Amino acid sequence: MLRQETSGETQGVSDVTDVERMAVIGAGAAGLCAAKHLLERGFAVTVFEMGSQVGGLWVYENDNARSPAYLSLRINSEPRATQFHDFPFPEDYPFNPTHFQVHAYLEAYADHFDIRRHIRFNAKVASVEQPTTAPGNEWRIRLADGTEESFDGVVIATGHQGVPSHPPFAKKFGGEYLHSHDYRTPEPFRDKRVLVVGTGNSALDIAADICTVTASTTMTARSPVLIMPRMLFGVPIQRTIAKISKPGVPWAVERRFRELLTYVAHGRVEDWGFVRPKKRTHPASHPTIMGHIAWRRIAVKTAGADDADGNEVHFSDGTVERFDTVIAATGYEIDLPFLSEEMVPVTGRRLDLYKRVAAPGWPGLYFVGFHNVSGGANIRIMDVQADLVAALAKGDVGLPDRSEMIADIERERRRIERRYPDSPRYGLELDPPVYTRDVEEELHPHRSRLRLRRTARYFLRDAANAVYHGRRGSTVDRRLMAKLAATGLAAVGVATIVALPRARRRS
Ligand SMILES: Cc1cc2nc3c(=O)[nH]c(=O)nc-3n(C[C@H](O)[C@H](O)[C@H](O)COP(=O)(O)OP(=O)(O)OC[C@H]3O[C@@H](n4cnc5c(N)ncnc54)[C@H](O)[C@@H]3O)c2cc1C
Ligand SMILES: NC(=O)c1ccc[n+]([C@@H]2O[C@H](COP(=O)([O-])OP(=O)(O)OC[C@H]3O[C@@H](n4cnc5c(N)ncnc54)[C@H](OP(=O)(O)O)[C@@H]3O)[C@@H](O)[C@H]2O)c1
């Protein structure tokens, strides 16, 4: 393995020379957590951060120009399920901490685990390469200022919400246009007729934020969506949902439960202009939006915004309306400009990675934080991923061969497409309880209890898929099934041999 001499710099260069060197790109939640797990396993770690602070998108007006944080932003996930497993939010934090509090929490995390001295700030990575001329699996990192450095492995933790995805009519709209990424406060929209495109969490937050100062606020809901309340029974609603959101509980049951809770708070979603989803969607929730809609502060259009002409926006239901401002809360693009095309495992909004972290065919290249959770929280899942990445990099856990990894990725792709049909927006979705358990099994493959559970789960999952989707839905692992069938036959054979002589003796 490659060994680097210390360069003598004080900031950001690891002072360890005889352990493997890992680069982490990004010092947001994902990068900090990756660095922490790698340091714990004895790696020499260098974190490259293009901005001047840790915290990524939770840094308001971050000088990396990639943070979408608006002044009123608070986490929408349940805090207990969001915090890193070994570093709780401070006791006095509210149910939904503000972005300032999340930023402070990430700063404290960096200090507590002594990560800061491994970070190089204002260091933008321009390219990550594995030159064929280099020894072993050496990875070469080139910074925007032209300097280069080599590592044994690289963790990409650059986030997937830094580059806005614009609707096709963005350039045709003649009024004021901005993406939610650039929204900060309501005041600039006072007395304006504003269209907020989308019904994701950004759209809900922004529409609720501006609707008390605008002349009118309209939201588009082109796809079915279930907008859940933020709190029920005096606690965050996810705490109640978590009671039944378990790996073994079928999604249909959980969906009905979510609908029931939402119905208790909001009544029929159709009465407010939304279409009730029949399939999974990314969870949306807001503490006040339904009140604003009920008070007619926000109008909901059950249509997509398709085109624009001057200040007029054309909707998919054939109607046309005039607006002063369009705020496109239309999501983000996955953006990995520092990886070569052959290395980038991106297909639309999907990253083809084994267990969401490893790139088949590129040993030493790992990813943390490229997911979107359905329930649960993204930050906690980064902890799970970082643990797996550190174990893989150390060799404490092995990767299967390339064809097995690709088959696993394909199974996962089919599963996501079945669960979230008709929208490429959901390519990064992930079920926290299932994923956490799968990673646990990767990290501790010899625990027979887990093996047994995995076997039982394969049967149950496949039976459920077969009933729900027919043969097409089968995710069966054929080799495992063949092994089980053979074991079953052998067991019947042994039982017959043992039981027959006894039966004969009795007769
Ligand atoms: C508005 C909003 C609200 C959200 N709310 C929640 C929530 O309530 N709960 C939850 O769990 N998740 C939430 N998320 C999801 C979010 O993904 C996570 O919370 C998480 O903080 C993202 O962390 P990250 O480290 O992956 O990315 P980021 O925070 O974006 O950090 C990436 C870092 O990489 C750096 N970087 C990028 N490119 C380079 C480069 N080339 N060279 C060097 N450095 C680079 C950036 O400067 C940045 O600091 C939210 C997302 C958004 C957009
Ligand atoms: N408070 C918080 O914690 C908070 C706040 C904001 C964001 N977030 C998180 O950040 C991530 C990104 O959220 P986001 O809301 O910015 O993006 P998003 O979840 O990708 O949502 C994009 C929305 O825009 C819609 N859309 C796109 N083009 C459209 C068009 N032409 N006409 C009408 N609608 C259109 C999409 O509808 P379709 O479904 O039809 O594609 C969807 O409703 C999510 O994980 C979210 O949970 C969290």
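How many nonpolar, polar and charged residues does the shell around ligand 2 have?

## Basis of the model

This is a predicted model, in which local features need pLDDT of at least 70, side-chain atom pairs count only at pLDDT 80 or more, and totals for chains, interfaces and linings use all residues. Residues are numbered from 1 along each chain as its sequence is written, while chains are lettered from A and ligands numbered from 1 in the order in which they are written.

## The shell around ligand 2

The shell around ligand 2 has 7 nonpolar, 16 polar and 4 charged residues. Here Ala, Val, Leu, Ile, Met, Phe, Trp, Tyr, Cys and Pro count as nonpolar, Asp, Glu, Lys and Arg as charged, and the others, Gly among them, as polar.

In total, 27 residues surround ligand 2; a residue is near a molecule if its C-beta atom, placed from the backbone, lies within 6 Å of it. The closest are Gly198, Gly200, Ser202, Ser223 and Gly331. Domain 1 (18-162 + 334-443) and domain 2 (166-330) each supply at least three residues to this shell, with domain bounds taken from an automatic or database domain assignment.

## Helix H4

Helix H4 (residues 201-210) gives the most to the shell around ligand 2, with 4 residues. Helices (H or I, at least four residues) are DSSP runs, numbered from the N terminus. Because 9 of the 10 residues of H4 are buried, this helix is largely enclosed by the rest of the structure. A residue is buried if 20 or more other C-beta atoms, placed from the backbone, lie within 10 Å of its own. Among the buried residues of H4 are Ser202, Asp205 and Asp209.

## The shell around ligand 1

Ligand 1 has 35 residues around it, of which Gly26, Gly28, Gly56, Gly159 and Gly369 come nearest. Helix H1 (29-40) and helix H8 (378-394) are the elements that give two or more residues to this shell, and H1 provides the largest share, 3 residues.

Notes
Buried ≥ 20, exposed ≤ 12 C-beta atoms within 10 Å, placed from the backbone.
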